[in-house]
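Biologist: Before we discuss strand pairing and backbone angles, please display the sequence together with the structure.

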Amino acid sequence: MVKTSSPVISHVIGTTTLIALFFIVTVYYTYSYSMIQDEVVETQLEEVAGYVSSNIVQLVSLTTLSGEDQFLIKELKIPRYVANSIYEVTIERYTDPISQEEVLRVRVYLASRPSVYGVSYLPWSEGGPIHAYNGTDLGIPESSLSPNVSVSSGYERICVWALKRGTEITIGLGRRLVGG
C-alpha cells in the first residue's frame, strides 16, 4: 500500500505559499508607490528650481543693462512645503560629467531626504563673470538682507539677489529681515 502525504501538510504548504505571496506583493506595491511618489515630488521640486533660476536670470539681465555697480533683490513666492516637507534651495557649482565644464545650477531638495531633488541649470558657466555666493562677506550694502548659501523653505521672505561690481556679478539667495 502506497502512503500519500497528509492533508495537513498540504494545507501548511499552501498557506505558507499564500502568506509569502501576499508579503511579496505588498512589498512590491509599497516600493512601486514610493517610487511614483518620489517622481511626483521631484517634478514639484523642479518647478520650484525653475522659478528660482528664472528670477536669477532676470536679475542678472537687469544688472547687465546698466554700466554702473548695482545691488538688486527680488522676493520669491515659493510654497512653504512640498509633499508636506520643508525643502532647501541652493545655488551650486556642478561639473557636467560629459563636457567636464563647471556650471551653475539651482538645486531644490527635501530637507528630510536630500536624495529627492529637482534642479534647474543656469545659462552661465562658473568660470565667467557670474559667480554664486560662497558665504564670504561681500560687503553687501543692504542691511535688511541676510545672504545665505542655501535657504530653507520654512523661512519667510526668501529672496534672490545679484550684486554687480565692475564686470563681476555675484548671485545668491537670502532672507529679508523684518523691516527690510
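Modeller: Two strands pair if DSSP finds at least two bridges between them. The model shown here is predicted.

Biologist: In which sense do E2 and strand E7 run, and how many bridges join them?

Modeller: Strand E7 covers residues 150-152. E2 and E7 run antiparallel, and the number of bridges joining them is three.

Biologist: Which strand pairs with strand E2 over nine bridges?

Modeller: Strand E2 spans residues 87-95. Its antiparallel partner over nine bridges comprises residues 102-110 and is strand E3.

Biologist: Which residues stand opposite threonine 90 in E7 and in E3?

Modeller: In E7, threonine 90 stands opposite serine 150. In E3, the bridge partner of threonine 90 is arginine 107.

Biologist: Where does glutamine 100 lie, and is it buried or exposed?

Modeller: Glutamine 100 belongs to the loop between E2 and E3, a hairpin with six residues between the strands. Most residues other than glycine have a negative phi. Glutamine 100, although not a glycine, has a positive phi of about 60°. Because its relative accessible area is 55% and the cut-off is over 50%, glutamine 100 counts as exposed.

Biologist: Which loop holds arginine 157, and what is its relative accessible area?

Modeller: Arginine 157 is not a glycine, yet has a positive phi of about 60°. Its place is in the loop between E7 and strand E8, residues 158-165. Arginine 157 is partly exposed, with a relative accessible area of 30%.

Notes. Residues are numbered from 1 along each chain as its sequence is written. This is a predicted model: local features need pLDDT of at least 70, side-chain atom pairs count only at pLDDT 80 or more; totals for chains, interfaces and linings use all residues. Side-chain values use heavy atoms; hydrogens and water are left out. Helices (H or I, at least four residues) and strands (E, at least two) are DSSP runs, numbered from the N terminus. Buried means under 20% relative accessible area, exposed over 50%, partly exposed in between (1.4 Å probe, protein chains only).
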